[in-house]
Amino acid sequence: MSAAKIVVHGCAGRELREGEEEHCPDVEAGSGAVSAQEAAPGRERLVSLDVFRGITVALMIIVDDVGGLVPKISHSPWDGVTLADFVFPFFLFAVGVSLAFAYKRRSDRVSATKKAVLRATKLFLTGLLLQGGFLHNIHDLTYGVDISKIRLMGVLQRIAVSYLVVALCEIWLRGGDEGGIGSGYTIIRKYRLQMFAGIFLMATYTMILYGLHVPDWEYDTTSPDSTTKHFVVACDVRGHTGPGCNAVGMIDRSVLGIQHLYTRPVYLKTEWCSIDSPGNGPLPSDAPAWCEAPFDPEGLLSSLMAIVTCLIGLQFGHVIVHFKGHDERMVRWSIPALSLLALGFTLNLFGMHMNKSLYNLSYTYVTGGAAGLFFAGIYLLVDVYGYKRPILPMEWMGKHALMIFVLVACNVAPILLQGLYWRVPNNSLLKLIGAGG
């Protein structure tokens with residue numbers, strides 16, 4: 001492995017040669033946005049971060065489009081993980097890595113805080129618009145949403161919350177900038193408050209998940225023919241991690257309101273709720289009462305652990321900032337990544353099964369460790385050995401990750417194609433290209 005030295009002084013993964021002056025532009029976390037200054041001659045981006053984001057976007061598109069045909073790569077109905085369950089933590093990890101550069105300089109903490117709040121607010125409102133129900137479905141050309149039933153949380157909203165909390169940690173919870181980082185001990189000392197924040201979040205999540213009493217609850221559903229059904233879910237338990245009686249869902253129902261949660265939860269594909277499990281299908285005759293209840297996979301309590309994933313990415317970004325040699329970086333990434341994987345699989349082995357919907361500890365450790373190893377592998381191939389040309393499409397996708405997410409994952413592109421038609425709705429652009437009826 002090459003031991004060439006590269007000094008990092010820039011933002012958003014940009015690497016500068018020794019002696020160059022830093023000009024930090026505003027960076028939209030996870031968007032891959034690049035300013036004119038970043039494109040200036042003599043400056044080189046950390047290509048591996050863009051490639052990491054690009055591969056994650058490509059993986060997202062694959063599992064969304066193919067997951068319905070191949071359930072084994074689609075989201076796990078409840079316990080366990082599949083390929084699709086690694087996508088979102090990888091996004092959060094990349095946001096954390098980017099934040100290590102975006103807030104490397106903190107001469108004015110108040111100004112940096114205002115910028116972080118503004119960026120997070122814009123991202124949250126974008127998510128609310130795209131995922132709250134304002135835009136029509138592909139085969140429904142209506143527009144608008146009943147505010148009393150709008151979905152309040154979602155993927156972009158969770159990224160916004162994670163971004164804001166981790167950005168504030170980077171701005172306010174770190175040691176002084178004086179002195180260099182020469183060992184693992186000194187970097188831990190410098191960022192110990194951030195690590196304590198992560199431990200506090202994990203402890204809070206665990207105590208609430210396993211310690212909070214979940215009472216019986218009830219809800220109503222309305223079928224397409226306007227028939228209303230009333231269900232009573234019997235719980236009266238503490239520490240339960242099944243779909244119907246966990247503290248994650250209870251908090252969302254109590255704080256957000258059940259009418260503001262996601263109405264097509266992944267547990268509809270479990271054997272309890274689908275005769276075609278692990279695919280979607282009709283309810284069994286003895287389906288539990290909770291099967292048709294809303295449940296938000298991006299809810300409030302589980303977002304605590306999403307923040308931890310982002311914090312893990314932040315610490316990996318710190319390694320790039322403070323350690324200049326490739327060998328140093330690879331070692332300081334590999335050890336914690338492997339440790340996280342070992343810890344996560346151990347918890348899973350002893351009964352804390354990985355679960356994306358709950359975003360529990362074992363899931364956080366395994367996906368965070370996998371993201372760290374995957375990022376280190378891409379860095380080795382791309383930034384150390386220089387295999388850049390074969391992955392140019394992934395690099396481009398990584399630079400435009402947010403735009404691609406909005407157009408593809410949020411169905412904006414299909415909606416635009418379906419929404420433009422000649423005289424009758426089914427005579428749309430989709431029909432012109434052979435994709436619509």
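Modeller: What follows looks at the cysteines, and then at the salt bridges.

Keep in mind that this is a predicted model. A search of the whole structure gives 2 disulfides.

Start with C235 and C245. Their sulfur atoms are 2.1 Å apart, and a disulfide joins them. The torsion about this S-S bond is about -80°, so the disulfide is left-handed. Now place the two ends. C235 sits in the loop between β5 (228-233) and β6 (237-238). C245 sits in the loop between β6 and α7 (247-257). The pair therefore ties together parts that are 10 residues apart in sequence. Both C235 and C245 are buried.

Next come C273 and C291. These two also form a disulfide, with 1.9 Å between the sulfur atoms. The angle about the S-S bond is -85°, and the link of C273 and C291 is left-handed. C273 lies in the loop between α7 and α8 (300-322), and C291 lies in the loop between α7 and α8 too, so the pair ties together parts 18 residues apart in sequence. Are these cysteines buried or exposed? C273 has 1% relative accessibility, so it counts as buried. C291 is buried as well, with a relative accessible area of 1%.

C169 is in no disulfide. Its nearest cysteine sulfur is that of C310, 9.4 Å away. A disulfide needs the sulfur atoms within 2.5 Å. C310 is in no disulfide either. C169 counts as buried because its relative accessibility is 7%. C310 counts as buried at 0%.

Now the charges. Side chains of opposite charge can pair when their charged atoms come close. The whole structure holds 7 salt bridges.

One of them joins R174 to E170, with the closest N and O atoms 2.8 Å apart. Both R174 and E170 are buried.

Another joins E292 to K229, at 3.3 Å between the closest N and O atoms. E292 lies in the loop between α7 and α8, and K229 in strand β5, so this pair ties together parts 63 residues apart in sequence. E292 is partly exposed at 28% relative accessibility. K229 is partly exposed at 36%.

E395 and K399 make a further salt bridge, with their closest N and O atoms 3.4 Å apart. Both lie in helix α11 (residues 392-399). They are 4 residues apart, about one turn of the helix. E395 is buried, with a relative accessible area of 12%. K399 is partly exposed at 25% relative accessibility.

Finally, a network. Salt bridges that share partners join R151, D296, E298 and K356 into one network.

Notes:
Residues numbered from 1 in each chain as written. Predicted model: local features only at pLDDT ≥ 70, side-chain atom pairs only at ≥ 80, totals over all residues. Heavy atoms only, no water. Helix = DSSP H or I, 4+ residues; strand = E, 2+ residues; numbered from the N terminus. Buried < 20%, exposed > 50% of the residue type's maximum accessible area, 1.4 Å probe, protein only. Salt bridge = Lys/Arg side-chain N within 4 Å of Asp/Glu carboxyl O.
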